[in-house]
Amino acid sequence: MNKQQIDYTQKGFTKPKEHYIYRVKFTKGEEVKFIGHLDIMRLFQRAIKRAKLPVAYSQGFNPHQLLSFASPLTLGATSEGEYGDIEMAEKIEPYIVMQELNKILPCGVNIEKSVLITEKTESAMAAIEAAKYIVFADEKLNKKLLQNQIEQYLLQKEILVMKKTKRNEKITDIREDIFDMKNISDEYGNKIYLYLAAGSKQNLKPEVVMKSFYEFLSLPFEKYHIKYHRVDLMRNDINKGFVGLGENIGIC
């Protein structure tokens with residue numbers, strides 16, 4: 001069969017030993033912030049099929065597209081730094097993956113970068129070690145004193161919180177998992193920058209930090225009055241330290 005005639009969208013078709021992995025960085029805007037992680041995956045599955053990209057499928061009785069996504073985003077949060085790995089059965093230019101998917105994806109989901117992985121690296125989910133956020137806090141915080149309040153909060157030797165585990169709850173010290181925290185408020189409101197441990201080893205959610213910070217200030221914490229925006233997900237590069245998941249791994 002001529003190469004151009006092969007229909008890669010048919011389930012079960014996969015060229016053996018010829019998978020090419022593309023890592024895409026995409027946004028999750030206000031329009032889709034209440035769409036959950038599984039629905040985002042289904043959204044991409046449909047978009048890939050409609051775009052007729054040469055996606056690779058698993059083998060067996062129930063073939064599925066070979067794609068995986070990084071750490072799920074909290075429902076209601078927005079992001080400019082979400083990541084997914086897509087395996088292709090044919091090598092194509094990374095910009096074509098970005099271009100064709102952006103024609104299909106809805107408002108609020110936009111591919112910002114596509115990289116053909118050529119360097120040895122872990123999957124997007126496994127590679128995560130840190131995450132950056134912007135927190136849009138409510139008006140209870142004193143904008144003028146906010147930086148001093150953050151500094152006092154971080155001076156604590158221990159920051160103990162009650163964290164949920166799979167089976168129960170336990171008191172945990174989160175101080176070492178807060179890499180950076182600073183005031184970036186402007187004329188539009190109270191904003192806090194957070195740089196936190198993330199991933200399978202250590203995973204600190206921004207909601208936990210903000211709840212602890214409000215308690216430190218003896219202020220009521222109303223979680224639905226605070227908005228979270230993920231800026232990026234980071235991995236640890238041996239030569240350059242923490243970099244974005246799509247950096248230094250291949251060809252753009």
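Let's start at the surface: cysteine 107 is exposed, with a relative accessibility of 63%. Cysteine 252 is exposed as well, at 61% relative accessibility. As for bonds between cysteines, the structure holds zero disulfides. Please keep in mind as we go that this is a predicted model.

The largest nonpolar core has 35 residues, and the ones that touch the most other members are Tyr153, Ile178, Met181, Ile192, Leu194, Val209 and Phe213. Several elements give two or more residues to this core: helix 3 (124–127), strand 5 (130–136), helix 4 (146–154), strand 8, strand 9, helix 5 (206–216) and strand 10 (227–237). Apart from this core lies another one, made of 24 residues, including Tyr22, Leu53, Phe69 and Met88.

Leaving aside residues up to four places away in sequence, methionine 181 touches Ile150, Tyr153, Leu154, Ile192, Tyr193, Leu194, Val209 and Phe213.

In helix 4, the buried residues are Leu146, Gln149, Ile150, Tyr153 and Leu154. These residues lie on the same side of helix 4, because they cover an arc of only 130° around the axis. What do they pack against? The buried residues of helix 4 meet strand 8, strand 9 and helix 5.

Helix 5 has its own set of buried residues, namely Pro206, Glu207, Val209, Met210, Ser212, Phe213 and Tyr214. Their packing partners are strand 5, helix 4, strand 6 (160–164), strand 8, strand 9 and strand 10. Just after helix 5, you will find serine 218 with a positive phi of about 60°.

Next, the aromatic rings. The structure holds nine aromatic pairs. One of them joins phenylalanine 179 and tyrosine 195 in an edge-to-face arrangement, with 5.6 Å between the centres and 90° between the planes. This pair links distant parts of the chain, as phenylalanine 179 belongs to strand 8 (residues 178–183) and tyrosine 195 to strand 9 (residues 191–197), 16 residues apart. Are these two residues buried or exposed? Phenylalanine 179 is partly exposed, at 38% relative accessibility, whereas tyrosine 195 is buried, with a relative accessible area of 13%.

Tyrosine 195 also has a charged neighbour: the charged end of lysine 132 sits over its ring, 5.3 Å from the centre. A further lysine is placed over a tyrosine ring, with lysine 182 lying over the face of tyrosine 193 at 5.2 Å from the ring centre. Elsewhere among the aromatics, Phe26, Phe44 and Phe69 form one cluster.

Our last stop is threonine 172, in strand 7 (residues 169–173). Is threonine 172 buried or exposed? Its relative accessibility is 17%, so threonine 172 counts as buried. The contacts of threonine 172, again not counting residues up to four places away in sequence, are with Ile159, Leu160, Val161 and Lys163.

Note on methods: Residues numbered from 1 in each chain as written. Predicted model: local features only at pLDDT ≥ 70, side-chain atom pairs only at ≥ 80, totals over all residues. Heavy atoms only, no water. Phe/Tyr/Trp six-rings, centres within 6.5 Å; stacked < 30°, edge-to-face > 60°. Helix = DSSP H or I, 4+ residues; strand = E, 2+ residues; numbered from the N terminus. Buried < 20%, exposed > 50% of the residue type's maximum accessible area, 1.4 Å probe, protein only. Lys NZ or Arg CZ within 6 Å of the ring centre and 35° of its normal. Core = buried A, V, L, I, M, F, W, Y, C linked by side-chain atoms within 4.5 Å. Contact = heavy atoms within 4.5 Å. Disulfide = S-S within 2.5 Å. Arc of directions from axis to C-beta.
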